[in-house]
Amino acid sequence: MSAQTRGCGFLQVLVFMAVMACGVAWGQDAPDTQSVRPPAPIERRAPAKDGAKDAAKDTVQEQELVQPQFVMPPMAPYDKGIFQKTVASADLAFLKQFEGASSGDLWSDKQFKHFVRSEIPNVMYHYGNDRPLPEAMDNAIAGSRAPVKIRDGRFVMIAGKCSIFPGLRGEGFVWIDMQEGIVLGGFEFHPSNGEPSPAMTVWTKQIKTETISLGQLPPDFAADMADWQMGWSVPMVTARYFIGDENMKIVLLHDEDFCAPANGNYGPSDSDCEQMDADAADNDMTAAYYMDETNYKTNATAWMLGPDQVAFISVRERTCGGVLDPLGCRVRMTRERTRVILSRSPTYRPRK
């Protein structure tokens with residue numbers, strides 16, 4: 001990144017801080033009334049009369065002007081239209097006979113191997129060292145004893161764990177919707193090459209897009225991926241990427257709300273969920289910095305943190321340190337900063 005670009009990034013941080021001080025979110029012309037909670041009434045005791053300590057028993061309700069709390073925007077709607085070249089359901093019927101078999105057995109089946117290799121993006125991927133992404137998936141699932149799961153007679157999940165680099169871990173899965181012909185997969189490991197760690201990459205050749213978030217993918221995929229994460233001890237919040245039908249890796253944005261009461265698939269609906277939302281925003285920003293630094297290469301390596309990221313974090317901590325909703329402030333500022341970083345890519349298309 002050029003010095004001029006870094007300078008512009010730091011100036012944007014200073015502008016953002018000034019805008020936040022005025023109570024208006026950066027990049028907006030007016031506050032979003034759909035995403036703020038009204039200030040709660042504050043209960044205070046009336047002042048004591050004639051110095052008597054017990055005379056102030058009656059209370060009054062005051063409506064004080066307080067900074068509104070941040071509320072996560074809704075997830076992006078599932079967009080079936082982004083899936084191209086889906087598979088005919090008749091060509092996937094053979095998978096039903098493998099229910100309960102080991103994932104390794106299905107992976108070694110000649111018909112399945114031909115099918116799945118045509119669906120994995122054939123790009124270079126850095127796992128331990130540079131290798132084709134299909135090879136990384138093969139290392140994870142070949143020989144796996146994990147059972148093939150078919151939910152509702154439709155959603156297939158196979159999974160496995162790598163053993164060639166124990167220090168990096170490495171877990172992978174393939175998810176198939178036999179009815180819609182949609183194929184998605186994932187690979188998670190703990191990089192040691194300067195990439196944010198742990199790192200989760202979702203892939204499919206059926207999508208070509210410049211920007212994507214979890215909400216645009218099938219809800220059943222999101223639910224099954226969450227179950228896979230819990231079953232394989234994969235953190236629910238990680239740096240998260242997407243590789244589609246282009247030779248580039250982009251950020252797979254977190255737009256799920258871990259505090260949503262009905263969102264049992266993603267995390268706890270208690271005090272920890274706000275921290276998870278904040279951590280997810282941090283991971284998106286760090287992943288965006290990383291991909292910006294490495295020009296969106298699928299096998300990128302680089303060392304973080306950059307000076308503009310350090311400067312932003314310092315400004316964010318000072319800005320959010322004394323407000324009513326510090327975690328909400330942190331999420332809001334971090335998400336806006338992530339949009340700025342993503343917008344540096346000439347292919348970026350913000351979600352409307």
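## A left-handed disulfide

The torsion about the S-S bond that links Cys320 and Cys329 is about -70°, and therefore this disulfide is left-handed. The structure shown here is a predicted model, and the values in this report are to be read with that in mind. In this model the sulfur atoms of Cys320 and Cys329 lie 2.0 Å apart. Cys320 is buried, and Cys329 is buried as well.

A disulfide is a covalent bond between the sulfur atoms of two cysteines. For this protein the count of such bonds comes to 2, and when the bonded cysteines are numbered in sequence order, their pairing reads 1-2, 3-4.

## A right-handed disulfide

Cys259 is joined to Cys273 by a disulfide whose S to S distance is 2.0 Å. The angle about the S-S bond of Cys259 and Cys273 is 100°, and this link is right-handed. Cys259 lies in the loop between strand E12 (249-253) and helix H6 (271-293), while Cys273 lies in helix H6 itself, so the bond ties together parts that are 14 residues apart in sequence.

## An enclosed helix

Helix H8 runs over residues 326-342 and has 17 residues. From its first C-alpha to its last, helix H8 reaches 24 Å, which is close to the 24 Å expected at 1.5 Å a residue.

Why can helix H8 be described as largely enclosed by the rest of the structure? The reason lies in its residues, since 14 of the 17 in H8 are buried.

## Backbone exceptions

Most residues other than glycine have a negative phi, and most peptide bonds are trans. The peptide bond that joins Ser197 and Pro198 is cis, with an omega of about -5°, and Pro198 is found in the loop between strand E8 (182-189) and strand E9 (199-203).

Lys85, although it is not a glycine, has a positive phi of about 55°. Lys85 is placed in the loop between strand E2 (59-62) and helix H2 (103-108), and with a relative accessibility of 67% it counts as exposed. Asn295, which is likewise a residue other than glycine, has a positive phi near 60°. Asn295 sits in the loop between H6 and helix H7 (307-320), and its relative accessible area of 58% makes it exposed.

## A contact across the sequence

Asp79 and Gln216 are 137 residues apart along the chain, yet in the model their C-alpha atoms are separated by 5.0 Å.

Definitions and conventions: Residues numbered from 1 in each chain as written. Predicted model: local features only at pLDDT ≥ 70, side-chain atom pairs only at ≥ 80, totals over all residues. Heavy atoms only, no water. Helix = DSSP H or I, 4+ residues; strand = E, 2+ residues; numbered from the N terminus. Expected span 1.5 Å × (residues − 1). Buried < 20%, exposed > 50% of the residue type's maximum accessible area, 1.4 Å probe, protein only. Disulfide = S-S within 2.5 Å.
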